[in-house]
Amino acid sequence: MTASLIFVIGSMGIIGSIESGVSGNHATLYTKAVMDGFLSIMLTASLGVGVLFSAVPIFCYQGAIVLAASVLVRLIPSELMTELMGKLVRLAAL
């Protein structure tokens, strides 16, 4: 449970999933995966092999956001989408 909460809390998972669903750019999710991989090695040393099971809720959480973003992008006008993506990129840069 601790590992799942550590991996889910944070903006990279949300922003990366939205970016992946909207534009197909997976770079943020790849970066988060590498960071989570190193953290999971450290957590496994202290919490045990149960950290492996945290992958299931993470996959469901981020997958649901990607699917929702890919469906909702079709309903949003292109002008609004351009504005939202610009704000999302600026927000991710912070």
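# Notebook: helix packing and pockets

I began with H2 and H3, whose axes cross at roughly 145 degrees and come within 8 Å. Axes here are lines fitted to C-alpha atoms, for helices over the stretch in contact, and angles run from 0 to 180 degrees between N-to-C directions. The model is predicted: local features need pLDDT of at least 70, side-chain atom pairs count only at pLDDT 80 or more, and totals for chains, interfaces and linings use all residues. Residues are numbered from 1 along each chain as its sequence is written, and side-chain values use heavy atoms, with hydrogens and water left out.

**Entry: H2 with H3.** I noted the crossing of H2 and H3 as left-handed (the near helix is turned anticlockwise from the far one by less than a right angle; clockwise would be right-handed). From H2, I listed Met12, Gly13, Gly16, Ser17, Glu19 and Ser20, which meet Thr28, Leu29, Thr31, Lys32 and Met35 of H3. Contact means heavy atoms within 4.5 Å. I sorted this contact by class into three nonpolar, six polar and two charged residues. Ala, Val, Leu, Ile, Met, Phe, Trp, Tyr, Cys and Pro count as nonpolar, Asp, Glu, Lys and Arg as charged, and the others, Gly among them, as polar.

**Entry: H2 with H5.** I then took helix H2 (residues 11-23) against helix H5 (residues 78-93); the angle is about 145 degrees and the axes are 11 Å apart. The crossing of H2 and H5 is left-handed. Ile15, Ile18, Val22 and Ser23 of H2 make the contact with Met81, Met85, Leu88, Leu91 and Ala92 of H5.

**Entry: chain.** I found five helices and zero strands in the protein chain. Helices (H or I, at least four residues) and strands (E, at least two) are DSSP runs, numbered from the N terminus. The C-alpha trace spans about 50 × 25 × 15 Å along its principal axes.

**Entry: largest pocket.** I have a volume of about 360 Å³ for the largest pocket. On a 1 Å grid over the protein atoms alone, a pocket is an open set of points where a 1.4 Å probe fits, with protein on both sides within 12 Å along at least five of seven lines; lining residues have an atom within 4 Å of a point. Grid points are joined across faces, edges and corners, and a volume is the space filled by probe spheres set on the points. Of the 18 lining residues, Phe7, Asp36, Ser54, Ala55 and Ile58 are the closest to the centre of the largest pocket. H3 gives the most to this lining, with seven residues. The lining of the largest pocket has nine nonpolar, seven polar and two charged residues.

**Entry: second largest pocket.** I read about 160 Å³ for the second largest pocket. Its lining residues include Ile18, Val22, Ile65, Leu72, Met81 and Leu88. H2, H4 and H5 each supply at least two residues of this lining. I counted twelve nonpolar, no polar and no charged residues there.
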